Each structure stands twice: as structure tokens, then as C-alpha cells.
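The sequence and structure are shown first.

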Amino acid sequence: MKEIVQTNHAPQAIGPYVQAIKANGVLYTSGQIPLLASGELVSGGIQEQTRQVMLNLKAVIEAAGSSMGRVIKTTCFIKNMDDFALFNELYASFFDGITPPARSCVEVTRLPKNVLIEVEAIVML
């Protein structure tokens with residue numbers, strides 16, 4: 001059985017998808033981009049955008065009843081790999097004091113709304 005996860009503390013889906021799905025004790029999040037819960041795009045560079053993406057991801061994970069410490073895998077999509085070090089610094093701060101998850105990070109040509117970063121996660125419940 002699958003259950004939809006939805007929170008008003010992260011931006012609403014901007015297409016035919018949901019923020020996350022719970023299935024068989026696992027949470028699968030949709031990719032989070034740097035939008036405020038209001039739907040407004042965060043201004044600034046990779047650090048400001050990464051911070052908002054991770055806050056959104058955390059809000060969805062917590063709405064599902066889990067935590068960042070239970071994230072087992074993330075996939076990160078970055079517009080410019082030259083921003084990797086700055087992205088990595090902010091990303092790592094969200095796993096401070098806990099074991100970070102497995103991760104893939106790939107450079108892509110374009111992301112929704114022309115943002116610089118998108119992150120999705122698989123999380124134990």
C-alpha cells in the first residue's frame with residue numbers, strides 16, 4: 001500500500017506528482033528545488049538555493065514522520081559542477097553529527113524553473 005505525504009512547509013508540486021510517497025516502510029521524495037513554501041523562487045546563488053532545497057527536503061521527510069538521520073540515499077542534480085564544493089558544504093551541514101546517506105550527484109543542462117540544484121531522497125520510516 002502507498003500513502004501520499006504532503007506538507008505546507010515545503011512547496012507544492014508544480015506538475016503531476018506529489019511531494020513524497022510512503023511505501024513498505026520507505027519514503028520516496030520527489031525532487032526538491034529552491035522554492036519557498038509560498039512557491040516563490042529563492043534568489044541568490046548555489047549556497048542560498050542549496051539551503052532552501054535541503055530545508056524543503058527536511059520538511060517533507062519530517063512530515064512523513066522520519067528524520068534526516070534516516071535518509072539512506074540522495075540523488076543530486078546540479079547545473080554546474082564548478083559549484084560542487086559550495087553545494088557540498090551546505091548539503092553536508094544537514095547531516096552534521098549523523099551518518100550521511102549514499103549519494104549520486106550529476107551535472108545537468110537544465111532544471112525546472114532554471115534553478116541551480118535539485119535533490120531527491122529515499123528515507124527509512
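The dialogue below concerns aromatic rings and their surroundings.

A: This is a predicted model, in which local features need pLDDT of at least 70, side-chain atom pairs count only at pLDDT 80 or more, and totals for chains, interfaces and linings use all residues. Residues are numbered from 1 along each chain as its sequence is written, and side-chain values use heavy atoms, with hydrogens and water left out.

Q: How is a pair of aromatic rings described?

A: The distance of the centres and the angle of the planes describe such a pair. Rings of Phe, Tyr and Trp (its six-membered ring) pair if their centres lie within 6.5 Å; planes under 30 degrees apart count as stacked, over 60 as edge-to-face and the rest as tilted. By this rule the count is 3 aromatic pairs. One of them joins Phe84 and Phe87, a tilted pair at 6.3 Å centre to centre with 50° between the planes.

Q: Which is buried and which is partly exposed, Phe84 or Phe87?

A: Buried means under 20% relative accessible area, exposed over 50%, and partly exposed in between (1.4 Å probe, protein chains only). Phe84 is partly exposed at 27% relative accessibility, whereas Phe87 is buried at 0%.

Q: Which residues do ring pairs link into a cluster?

A: The cluster consists of Phe84, Phe87, Tyr91 and Phe95.
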